[in-house]
Amino acid sequence: MNIDLKTLLKSGEFPPILLLFGDEEFLVEDAYNSIISKLIKSESDKFNFDIFDCDDKAVTQQQVVECCSAYPMMSEQRVVVLKHFDDLFSLKAGKKKDLENQPFIKYVENPAKTTKVIIRAGLSSFAGLTKDLSSNREKANKKISGAKLPYNLIFANHSWIEFPKIYENQQMSWASARFKQLGYDISQEALYLLINQTNPDLRSIANAIEQITIYADKKNSIDIDDVNQLSGHSRSYNVFELQKAVGNRDLSSALNIMNNILKVSRDEIAIVSIITRFFIQLWKLYEVQKQNPSNAQIASVLGVNPYFTAEYVKSSRLYSATDLNSALLALTAADLALKSTSIDRFVILQEMLIKIMSR
């Protein structure tokens, strides 16, 4: 049974077996930590808390089942965590009857009432199962019924939560929701800057959000100054303003901003990464504009808030298809030079900007 994490944490009523899986490892880990913090609250709880890393060949199903079946000491329940659960089973060999007799499969059929088993697994073959349940139930049911033991039993009879991949065009929405979850609002400009100057993965974004909220202290609203303070940049000299200058094809301003950024931090790789992403988005816009899209459609294709679409449309009028190709070649050359030569970083980036913006 597919369940909702927020509802589960709020209710505090945990099922005997809960499977956490998905392509977004950070979200699986984040959910796991939230669940364990609810289940393990006291010293007596710790006496009844066991973790098995199933990629350890010394861990056997019998050991796991004996632990799961043991009565709790000085507590109402035991908590057993199974990491890398996929490695607990060798399902490639053996007849179905033999598999059915494996100890943990028998446990899944009749779990202990006093034990909460938290299972962590990758299960890439089940990617999109949650979405299928809402949009294509027949496909979802086929996935579940066609699953090998013990996953068919778990999906059909126990609780599970999937954490699908959060793509780059979804990261701004995810970050905004995380700020709200922590009790903060963030301006669109600040959010855009944060995403553009952070590595495009949820762990990096979550770490940046945590640092910003620590810096903001008792403030309820995050603005661009808060993000700039974290990176050591000023309102006038940051990668957000640099991207604007590049988008406006203003070489003088771009060189000035870049020079000031590099005075306070070694952000050359980040600069190349962000500007590269910007031109890739302009390429996408170049293609989609042939269809006369609305602002909402443009925002969806680019993965940005509709608030910023006007800036991208303006930039697209200043760069032809040939210009975009030349810009991406210049960015690739700069990235290679920064990683493989000892030439001064400002010289490399200056040459890059000149190649991009020269007419």
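Strand E1 (residues 17-21) and strand E4 (residues 115-121) run parallel and are joined by five bridges. Strands here are DSSP E runs of at least two residues, helices are H or I runs of at least four, and both are numbered from the N terminus. Two strands count as paired if DSSP finds at least two bridges between them. Leu19 stands opposite Ile119 in E4. E1 is also joined to strand E5 (residues 159-162), by four bridges, and the two run parallel. Here Leu18 has Ser159 of E5 as its bridge partner.

The model is predicted: local features need pLDDT of at least 70 and side-chain atom pairs pLDDT 80 or more, while totals for chains, interfaces and linings use all residues. Residues are numbered from 1 along each chain as its sequence is written, and side-chain values use heavy atoms, without hydrogens or water.

E1 is largely enclosed by the rest of the structure, because five of its five residues are buried (under 20% relative accessible area with a 1.4 Å probe, protein chains only; exposed is over 50% and partly exposed lies in between). In a regular strand the side chains alternate between the two faces of the sheet. Ile17, Leu19 and Phe21 lie on one side of E1, Leu18 and Leu20 on the other, and both faces are covered.

The open sheet has five strands in the order E2-E3-E4-E1-E5, with parallel pairing. Strand E2 (49-53) and E5 stand at the edges with a single partner strand each, so one side of each lacks a neighbour in the sheet. The twist averages 15° from one strand to the next. Five bridges link strand E3 (residues 78-83) to E4, again in parallel. Val80 has Val117 of E4 as its bridge partner. Helix H2 (residues 25-39) packs on the sheet and touches E1, E2, E3 and E4; its direction makes about 165° with that of E4. Angles run from 0 to 180 degrees between N-to-C directions, and axes are lines fitted to C-alpha atoms, for helices over the stretch in contact.

Helix H16 (residues 268-288) packs with helix H20 (residues 345-357) at about 15°, with the axes 11 Å apart. H16 is therefore roughly parallel to H20 (under 35 degrees; over 145 is roughly antiparallel, 65 to 115 roughly perpendicular and the rest oblique). Glu268, Ile271, Val272, Ile275 and Phe279 in H16 meet Arg345, Leu349, Met352 and Ile356 in H20, contact meaning heavy atoms within 4.5 Å.

Leu242 is found in helix H14 (residues 239-247). Leu242 is buried, at 1% relative accessible area. Beyond its neighbours within four places in sequence, Leu242 contacts Ala254, Ile257, Met258, Ile261, Ile271 and Ile275.
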